[in-house]
Amino acid sequence: MPPCRQCRPGRSIAADTATLAPPAGRVPAQLPPDVSTFTGREAQLAALDAMAAAAAEQPTAVFVAVVTGAAGVGKTALAVRWAHHVRDRFPGGQLYVNLRGYDPAQPVAAADALARFLTALGVAAQDIPVEEDDRAARFRTEIADRRVLLLLDNASSVDQVRPLLPGTASCTALVTSRDTLPGLVAVDGAQRVEVDLLPPGDANALLGRLIGARAQAEPGDAATLAEQCARLPLALRVAAELVVARPDATLADLVAELHDQRRRLAVLVGGDDPRASVSAVLSWSLRHLPPAAARAFGLLGLHPGPDLDVHAAVSLTGGSPAEARAALDVLAWAHLVHRTGPGRYGMHDLLRAYAAGQAERPVDGPRSRMFDHYLAAAAAATGVLFTDVLPGGPRPGRMATEYDVVDTQREFLRRCPRSGRIADLHRVPGADARRRRPAPCPRCRPTGTRRTPGWTASGRRCSRSSPRPPPTAGRRTRCTWPRS
């Protein structure tokens, strides 16, 4: 392990600590309490430890870490856990402020946060400068020779954070935000720690710690409940409170109540505290979005599949690919969508349910465009994959791409019945014209060594093709492909 960046060669830890010991008087200890049921996040805690150790190799650089993730994912809990773990390294004090960047109240201005910090450090009210820049300079002066840990919670912008950063390596700043704060990383050298949904094992373990023996008595329902909560820590805690508040009900009862995704957010409410309401917490993320991104967020909630690409987003928003890509980038920075692969974006189920409720009305137009897009994409892919029965010809070099398209469309259509939207396929504008000339059965392809397009690989005869069976054909079952 590298030496502490404050312990210079030839000096003992005790002597160095004495040099940076806090002045006589009040030492701030403002960290919020740690959560006793904190579960998992070993990788993120280890990452913060590793970053702090690596920063020690640069004795003049300030270590700034940004803990970022979606609403309700447990960023503050993680930061508070790590801060308590290392608080003994900062005898000069621990300063905390909730910047309320995503909150029902107004965000805290950097100047107001500086005034609070200066007061906590013992600066008299009449000695606190008026201007923000002067306050920031005075703050850096006050903590220059002290080992101080700063926890800047719930920031919404770089402008809120930058004036609060310390100026010397004796201090460490830990920031939490739903935004990725790319400016803080690019300009100020901050290091980012991503916090995602809990893995299934940790989600089940958290439920077990919260509801006790009932999770062991109904393990299957407990696992289902964790998935219904999207493995989001806030939702898991609210659901656990509902279980504890209903001692006569079973986990299966709550699972049945949460089965309808459209009602799920209405159930996951912890009394009259807005910070214990999943939908309220999610709503605070929309305040900082530009109008185009906020509109796109709502329309993306209409998509029933696990993820989508830019072209599907274009079909929903009705704009250009450049506009859709820009909106997706903004939503990704705000952790309102997450990247699932190259050029693909997804939402967890609770976020999708909330987004669908925010979609502009009426939704028939965006849904029709979306189904038009998938029908066209599936038709184009089918024309390449099944060249033995469809007119046209093979298009070399595109097979891998078209297979990916078919897999995507299959998953999209698989989830359509669950969302109750499969019937919309029959109401897509132009669909009747496309159905005037039905395509041959896509399952009828060559079998064995003979080309017999009238039969499927399993030996089922297509009603619209040659009646001659292949030599290896089995039981003759008529093809179910629609007739013309």
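1. The side chains of Arg-352 and Asp-349 form a salt bridge with an N to O distance of 2.9 Å, where a salt bridge is defined as a side-chain nitrogen of Lys or Arg within 4 Å of a carboxyl oxygen of Asp or Glu. Both residues belong to helix α18 and are three residues apart, about one turn of the helix. Helices (H or I, at least four residues) and strands (E, at least two) are DSSP runs, numbered from the N terminus. Arg-352 is buried at 8% relative accessibility, whereas Asp-349 is partly exposed at 25%. Here buried means under 20% relative accessible area, exposed over 50%, and partly exposed in between (1.4 Å probe, protein chains only).

2. The model under review is predicted: local features need pLDDT of at least 70, side-chain atom pairs count only at pLDDT 80 or more, and totals for chains, interfaces and linings use all residues. Residues are numbered from 1 along each chain as its sequence is written, and side-chain values use heavy atoms, with hydrogens and water left out.

3. The salt-bridge count comes to eleven. One of them joins Asp-307 and Arg-344 at 3.2 Å, N to O. Asp-307 lies in strand β6 (residues 307-309) and Arg-344 in strand β8 (residues 344-346), so this pair ties together parts that are 37 residues apart in sequence. Asp-307 and Arg-344 are both buried.

4. Arg-231 and Glu-227 also form a salt bridge, their closest N and O atoms being 3.3 Å apart. Glu-227 is partly exposed, with a relative accessible area of 40%.

5. Two aromatic pairs are found in a search of the whole structure. The criterion is that rings of Phe, Tyr and Trp (its six-membered ring) have centres within 6.5 Å; planes under 30 degrees apart count as stacked, over 60 as edge-to-face and the rest as tilted. Phe-297 and Tyr-354 form a tilted pair, at 6.3 Å centre to centre and 45° between the planes. Because Phe-297 lies in helix α15 (residues 291-300) and Tyr-354 in helix α18 (residues 349-358), the pair ties together parts that are 57 residues apart in sequence. Phe-297 is buried at 0% relative accessibility, and Tyr-354 is buried at 10%.

6. Leu-336 is in the loop between α17 (321-333) and β7 (338-341) and is buried at 2% relative accessibility. Leu-336 and Gly-346 are ten residues apart in sequence, with a C-alpha to C-alpha distance of 8.9 Å. Val-363 occupies the loop between α18 and α19 (364-385) and is buried, with a relative accessible area of 12%. Val-363 and Leu-302 are 61 residues apart in sequence and 8.2 Å apart in space, C-alpha to C-alpha.

7. Glu-131, Glu-132, Asp-133, Asp-134 and Asp-159 form a negative surface patch. Patches are made of residues with over 30% relative accessible area and no salt bridge, like charges being joined within 9 Å and nonpolar side chains (Val, Leu, Ile, Met, Phe, Trp, Tyr) within 5 Å. Helix α5 (residues 132-143) supplies the largest share of the patch, three residues. Asp-133 is placed in helix α5 and is exposed, with a relative accessible area of 61%.

Conventions. Accessible areas come from the Shrake-Rupley method with a 1.4 Å probe; for residues, only the protein chains shown count as cover. Lys and Arg count as positive and Asp and Glu as negative; His and the chain ends are not counted. The place of a charge is taken as NZ of Lys, CZ of Arg, CG of Asp or CD of Glu.
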